[in-house]
Amino acid sequence: AVMLLVDNQTGNIQDVNEAAAQFYGYPREDMQGMHLMQIVSMSAEEFTDTLYRVNHANLRQFTRRHRLADGTIRTVEVNTTPIPYGSNFVNFAVIHDITDRLAAEQEREQYFRLFTTSTDLMCIADIKRGYFLKINPAGLAILGYSEQELLDHPYLDFIHPEDRQRTLDEAKQQIEAGVSL
């Protein structure tokens, strides 16, 4: 995990672990003594407010944007706690890069919005078991069944008999291709 020791009065980095040096892209020695403003992507006023809240209002977990040595901005979750260091206290911060997780959550939310607002029938099915897992509101309106009725019966029950074999063949191809629906 990425770890920093930060002077709780000045915001200067006292020490970092090797994971921090690799994550931020600076040599460890260069990060020692660096001010946090060199890596946080926020105004000086926001930084001062955050430092105050960490030191005086028990702010222990928060999300911020950090700038790497190459200029890339990453969203990180910061978990911090004061610890004794020499004759003073420092903030021990553990940093987790959540950029990819947030992007995946945003993408999932976009798909969910599309699924729920589409006027076309859309469904999610477990093709190995042969059951619907979810049907969008338009699908319920088009088919005229309740969601529970559709979820309780194999989806083949709702497919015209002349189309069932073709549906089974397509499901088999999808399974063999490793597609999950």
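Predicted model: local features only at pLDDT ≥ 70, side-chain atom pairs only at ≥ 80, totals over all residues.
**Exercise 1.** Repeat the assignment for N58: is it buried or exposed, and what is its phi?

*Solution.* N58 is also a loop residue, found between α3 and β3 (61-67). Its relative accessible area is 58%. The cut-off for exposed is over 50%, so N58 is exposed. Phi of N58 is near 55°, a positive value in a residue other than glycine.

**Exercise 2.** Describe the largest nonpolar core: how many residues does it hold, and which of them touch the most other members?

*Solution.* Count the members: this core has 24 residues. Those touching the most other members are L4, I13, Y24, M31, L36, I39 and I95. Then assign the core to elements: two or more residues each come from β1 (2-7), β2 (13-16), α1 (18-24), α3 (44-56), β4 (73-85) and β5 (88-97). Another core, of eight residues, lies apart from it, with I127, F132, I135 and L150 among them. As background, nonpolar side chains in soluble globular proteins tend to be buried together.

Now take one member, I39. Leaving aside neighbours within four places in sequence, I39 is in contact with L4, I13, Y24, Y26, M34, R65, H66 and R67.

**Exercise 3.** Work out the order of the elements in the protein chain, and why the chain counts as more spread out than a compact globule.

*Solution.* First the inventory: the protein chain has seven helices and seven strands. From the N terminus on, they run β-β-α-α-α-β-β-β-α-β-β-α-α-α. The radius of gyration is 26 Å, whereas the globule rule gives 16 Å for 181 residues; the value is well over the rule, so the chain is more spread out than a compact globule. Along its principal axes, the C-alpha trace spans about 80 × 35 × 25 Å.

**Exercise 4.** What percentage of the residues is buried, and how far apart are the mean positions of the positive and negative charges?

*Solution.* Of the 181 residues in the protein chain, 31% are buried. The accessible surface comes to about 11,400 Å², and carbon and sulfur atoms account for 51% of that. For the charges, there are 16 positive and 26 negative, and their mean positions are 2 Å apart.

Note on methods
Residues numbered from 1 in each chain as written. Heavy atoms only, no water. Helix = DSSP H or I, 4+ residues; strand = E, 2+ residues; numbered from the N terminus. Rg over C-alpha atoms; globule rule 2.2 N^0.38 Å. Buried < 20%, exposed > 50% of the residue type's maximum accessible area, 1.4 Å probe, protein only. Areas by Shrake-Rupley, 256 points an atom, 1.4 Å probe, with all protein chains shown as cover. Lys, Arg positive; Asp, Glu negative; His and termini not counted. Charge placed at Lys NZ, Arg CZ, Asp CG, Glu CD. Core = buried A, V, L, I, M, F, W, Y, C linked by side-chain atoms within 4.5 Å. Contact = heavy atoms within 4.5 Å.
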